Every structure is written in structure tokens, then in C-alpha cells.
Amino acid sequence: MIRKLIQVEFLKSKRKGFWLLVFLGGFGVVALQMVNYGVRKEYLLQQSDNDWIYYLMNISNFTPLALVLGIAILTSFMTSIENETNAWKQLIALPVSKLTVYLAKFTVLAFMLLVASLLLTLFTYGYGVFLDLGAIPYGALLKYSFYPFFASLPILALQLWIATVSNNQAIPITTGVIGVLPSFSAQNLPDWLIWKWPSLMNSWNEPIYYVWLGLGVGCLLYFVGMFDFARRDVK
Amino acid sequence: MKYVVETKNLTKSFGKEQAVQSLDMKIAKGEIYGFLGPNGAGKTTTIRMLLGLMKPTSGSIQVFQQDLKKSRISILSKVGSLVENPSYYPHLTARENLEAWRKILGAPKSRITDVLAIVRLSDVANKKVKGFSLGMKQRLGIAAALLNNPELLILDEPTNGLDPSGIIEIRELIKQLPQSHGMTVLISSHLLSEIDQLATTVGVLTKGKLIFQDSIEAMRKLAKQNISLRVSDQDEAHRLLLAKGIQTDYQKDRLILSEFTDEEIANAIQFLVQKQIAIYRVEEEKRSLEDIFLQMTREDQVG
């Protein structure tokens with residue numbers, strides 16, 4: 001059943017511009033560095049001994065911003081498909097469990113973000129090679145592309161929960177936009193704030209902690225959201 | 001008797017307000033059950049509970065003799081429904097919309113073409129629903145309800161937004177479903193004329209209470225008859241009948257006798273004939289169901 005529901009979610013996301021957003025998310029972050037390096041490459045190369053790592057750091061400054069913003073937009077698109085004509089009642093009156101409906105939506109969103117992260121890896125790699133920065137640190141490249149994805153799962157779970165249970169779609173948009181702000185000033189914020197996590201900066205200096213925390217807290221928030229959704233009467 | 005739908009003491013409250021109060025609804029197999037009531041009586045709330053979209057505050061729901069709470073999914077696989085305004089995905093075509101629901105129902109793909117033909121949307125199957133008229137969207141909703149060839153079809157105000165020819169078309173379609181497909185149909189409406197032409201059984205809901213539930217014939221019997229008389233000398237007839245203890249309602253060109261048995265009417269006429277009054281017309285005036293309905297809902301408000 002879950003496989004069918006996921007196929008249906010992909011069918012419904014047709015012509016909604018989801019994939020364009022996914023592409024723009026991955027490409028946009030690298031495009032900013034294309035401008036940066038295009039304008040002042042000589043200067044930037046003088047800033048550090050390890051040009052590749054310095055380039056990755058520059059990119060990862062903007063990854064959290066794109067991720068958190070992307071999550072806010074994608075989740076609200078996803079629920080707007082049902083909210084627009086109140087199709088929830090049509091969907092839930094079919095022989096499906098509400099838990100599966102919720103899982104399908106979450107899975108599709110997580111998949112889109114994963115694709116965006118993969119695109120980010122490819123574009124980062126491509127432009128890095130073009131800049132000819134020396135030996136390629138594959139480990140660091142993957143780390144800075146995929147760790148933020150796992151670290152942002154709690155935000156995805158929270159946004160999906162808010163977006164599915166809100167009657168007023170201004171609420172999830174607001175929380176989504178407010179969530180973007182911490183990614184600008186991550187170093188000044190406490191470690192427990194989930195919106196800080198995609199930046200991978202923490203007081204232990206161990207980015208991997210946020211991956212585990214992201215998976216754990218993400219699961220927790222996912223289950224809370226799913227059961228709350230199932231408990232409520234359909235609009 | 002085995003019922004397709006049976007609710008016991010079904011109640012739903014929103015805060016202090018009781019939208020549905022101890023409803024005992026019984027729908028037998030093969031019936032077209034007309035669910036009648038003014039706007040805001042609780043029809044949609046009841047239907048939402050039957051579909052598991054809302055949880056009852058108290059009471060139980062049995063569909064196909066199974067408890068809805070326990071076997072919701074297996075019940076819903078044999079139910080088709082259209083609740084309130086039609087829901088659809090405007091950016092998808094009619095065919096894609098149906099495909100999205102068909103996949104979940106597991107019905108064969110050919111069924112999409114069938115139901116589109118049934119509701120006469122075959123010509124616009126590949127057009128986006130965004131541009132459809134309300135009537136077309138309503139037909140799409142009915143098509144979706146028929147996708148899985150349901151044993152129980154639940155239609156909430158299905159003729160909303162349809163033009164007269166569309167209404168007749170949908171009515172003819174619904175009428176033949178019990179015989180041709182063995183379906184049981186629950187159809188709600190606030191228009192009695194609609195139910196009158198379709199239903200075999202009627203349930204009347206007002207202010208969350210089921211105040212009548214019986215066959216449509218039983219409801220028609222409630223239509224108490226008036227007999228109107230046209231005679232040669234109305235004043236004289238009126239006076240004579242009154243002297244004999246028979247109350248009549250004196251109107252401009254006729255006398256109205258209400259709530260009399262056949263025998264009493266016969267006696268009254270025989271009496272008039274004996275008194276040399278010529279009888280021109282004896283006519284029965286049936287009260288319309290509309291009147292009964294209004295009276296029922298009004299009585300409930302007073303009581």
C-alpha cells in the first residue's frame with residue numbers, strides 16, 4: 001500500500017514545480033560560489049592552504065539556508081495539493097490508513113531533499129574541478145553535502161506536522177521563514193535549537209553528532225506529527 | 001433483518017453543541033435511502049462519521065455488519081463516496097485525478113474509461129480539472145465514487161451545481177444502480193422533491209435528531225387528505241352540515257372537509273343529496289410531501 005501511495009504522491013506533484021525547486025536548491029548554492037570565485041578567485045585562493053576545503057566551507061555557508069527554506073516551501077506545496085479543494089476528505093475516505101498517507105508525504109519530501117543534496121554534491125564537484133583546486137577530498141565533499149540533509153530531518157518533520165494540521169497556511173509559512181533566520185547566525189545559538197543543526201556547527205566540533213541527533217529527533221517529531229494527524233477529525 | 005448500515009445511539013458534539021444526537025439509522029441492502037433535512041441539520045456530520053472521517057463522540061457504527069472502528073479499511077474498500085463539495089486536484093486532468101484514486105483502490109485501469117463514460121466526461125478526460133464547471137467537477141466526484149464498483153454508495157448532495165438536464169441524468173443513473181449493480185445508496189439532500197423521485201426509504205434529520213425513518217410510502221400516507229366539495233348551494237350545504245355536526249371549511253367556491261374517513265365522507269354526501277343539493281365535484285386534495293416535511297421539522301422545533 002505504501003508503495004502505491006508514494007506513486008500517487010509523485011503523480012499529484014506533477015506540474016507543481018517541485019523538481020524545479022529541487023534543482024534550484026542544489027544549483028543555487030553552488031551558483032553563489034560561481035559568482036564569488038568568478039569575481040575574486042585570486043584573492044580567495046590566497047586565504048587558505050587547502051583550497052578545496054576552503055571552497056567547501058564557502059559552499060556550506062549557504063547550504064543550511066537553502067535546505068531550511070526548501071523544506072518550508074516544499075512542505076507547504078505538498079499540503080496545499082490537498083488543502084486547495086479540501087481533498088483530504090476524498091483521500092482519507094479511501095481504504096487507506098491515515099498513518100500511511102502521512103508516511104507517503106514524508107517519504108516523498110525526504111526523497112526530494114535527498115535528490116537536492118545529490119545535485120549539490122554533483123555541482124560542487126563539477127565547479128571544484130573546473131576551478132582546478134588540487135586533490136579532491138571526497139570524504140569532505142560528501143560530508144558537507146549530505147550531513148546537513150540528515151541534520152535537517154527534525155525541521156522537515158516539524159514543518160510537515162504544522163502544515164498538515166493547520167487550517168491557516170500562513171502558520172507553517174511563518175514558522176518556516178522564522179526557521180531560516182537561525183541559519184544566518186548559527187554560531188551564536190544554543191546547540192539544542194534544531195534550526196541550527198544543518199549548519200553542522202556545534203560546541204563539540206563534531207558534525208556527525210548532528211547527523212545522529214537529526215535522525216533521532218527527526219524520528220521522534222515524525223511520530224508525534226503522524227499520530228496527531230491520525231487522531232484529528234478530517235477537515 | 002441484515003442492514004448494510006446500522007448506527008446505534010450515534011452522537012457527535014462539537015464543544016457544547018450536539019451536531020448529531022443519538023442517531024439510530026438503518027439502511028437495508030438494495031435500498032436508496034434518502035437522507036433528508038434542512039441545511040445544518042447534521043447530515044454531512046453523520047456521513048463523515050460513516051466514512052470514518054470523524055470520530056463519533058459516542059455510539060457505534062456498523063457497516064456490512066462490521067464495526068467501523070475495527071475494520072475501517074476493509075469496509076471502505078467496498079464504499080464509494082462524494083462528500084459535500086467535490087474534491088479534486090485542479091492541476092491534473094480528469095483522467096489523472098481518477099488515476100490517483102484508482103491506484104489506491106486497486107481497481108482495474110479500464111474502469112477509469114468506464115466511469116468517465118457513465119458521467120459523460122469522456123470528451124474532456126485529458127483536460128485539466130481547473131477549467132471545469134461546477135457541474136463537471138460534481139460529475140467527476142460521482143465518477144470517483146463509482147471507481148471501485150462499491151456495494152455502498154454514499155452521495156452527499158450529489159446534484160449540487162448541476163443543471164436540470166444534469167440532475168435528471170444523475171437521477172436516472174442513481175435509480176438504476178440497485179438493480180443493475182446490487183448497490184445500496186445513501187443520498188442526502190435538503191430538497192424533498194429530489195428524494196421523492198429517488199428514494200425507497202427516507203430518514204428525516206433535523207437539529208441532529210432523526211425524527212422520521214420509514215419507507216417513502218409511509219411518508220406519503222402521512223399526507224392527510226382533504227376533500228373539496230363543489231355544490232349548487234354552498235351556503236345551504238355549509239349550514240346543513242354544521243347542523244348535523246360536520247365541520248367544514250368554507251372557502252370562496254368550495255367546501256373543504258379535512259381528516260375524514262371514507263365512510264364519513266360518504267355519509268356527508270348522501271345527506272346533502274337527500275337535502276336536494278346538487279353535487280358538482282368531489283375532489284381529493286393531497287398535501288405535498290413538501291408540506292409534511294415542513295410540518296415535521298416545524299413540530300420538532302415547537303416540541
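Author: A salt bridge is counted here when a side-chain nitrogen of Lys or Arg lies within 4 Å of a carboxyl oxygen of Asp or Glu. The model is predicted, and by this rule 20 salt bridges are found over all chains.

One of them joins the side chains of B:Asp253 and B:Arg254, with N and O 3.8 Å apart. Buried means under 20% relative accessible area and exposed over 50%. B:Asp253 has 44% relative accessibility and therefore counts as partly exposed. B:Arg254, with a relative accessible area of 24%, is partly exposed as well.

The salt bridge of B:Lys43 with B:Glu157 has its closest N and O atoms 3.9 Å apart. This pair links distant parts of the chain, 114 residues apart: B:Lys43 belongs to helix 1 (residues 43–50) of chain B, and B:Glu157 to the loop between strand 8 and helix 6 (164–181) of chain B. B:Lys43 counts as buried because its relative accessible area is 4%. B:Glu157, at 14%, is also buried.

Strand 8 of chain B spans residues 152–156, and five of its five residues are buried. B:Leu152, B:Ile154 and B:Asp156 point one way from this strand, while B:Leu153 and B:Leu155 point the other way. Strand 8 of chain B pairs in the parallel sense with strand 7 (residues 79–82) of chain B over four bridges, and B:Val79 has B:Leu152 as its bridge partner. Strand 9 (residues 184–189) of chain B also runs parallel to strand 8, joined to it by five bridges; here B:Leu153 stands opposite B:Val185.

A further salt bridge, between B:Lys103 and B:Glu99, has its closest N and O atoms 3.5 Å apart. Both residues lie in helix 3 of chain B, four residues apart, about one turn of the helix. An α-helix has 3.6 residues a turn, so residues three or four places apart point the same way. B:Lys103 is partly exposed at 24% relative accessible area, whereas B:Glu99 is buried at 10%.

The account now turns to the interface of the two chains. There, 32 residues of chain B are in contact with 31 residues of chain A. About 2800 Å² is buried between the chains, and carbon and sulfur atoms give 59% of that area. Three salt bridges are found across this interface. The side chains of B:Glu96 and A:Arg15 meet in a salt bridge at 3.0 Å, N to O. The interface also holds 20 residue pairs in polar contact. On the side of chain B that touches chain A, helix 2 (72–76) and helix 3 (94–105) of chain B each supply at least two residues. Helix 3 gives the largest share, seven residues. By type, this side of chain B divides into 16 nonpolar, seven polar and nine charged residues.

B:His91 lies in the loop between strand 7 and helix 3 of chain B. Its relative accessible area is 5%, so B:His91 counts as buried. A polar atom of its side chain lies 2.6 Å from the backbone oxygen of A:Lys12. Beyond its neighbours within four places in sequence, B:His91 is in contact with residues including A:Lys14, A:Arg15, B:Lys128 and B:Lys130. A:Lys12 is also part of a network of salt bridges that links A:Glu9, A:Lys12, A:Glu82 and A:Lys105.

Technical notes: Residues numbered from 1 in each chain as written. Chains lettered and ligands numbered in written order. Predicted model: local features only at pLDDT ≥ 70, side-chain atom pairs only at ≥ 80, totals over all residues. Heavy atoms only, no water. Contact = heavy atoms within 4.5 Å. Buried area = accessible area lost by both parts, 1.4 Å probe. Polar contact = N/O pair within 3.5 Å; in protein donor to acceptor, adjacent residues only side chain to side chain. Nonpolar A, V, L, I, M, F, W, Y, C, P; charged D, E, K, R; others polar. Buried < 20%, exposed > 50% of the residue type's maximum accessible area, 1.4 Å probe, protein only. Pairing = 2+ DSSP bridges.
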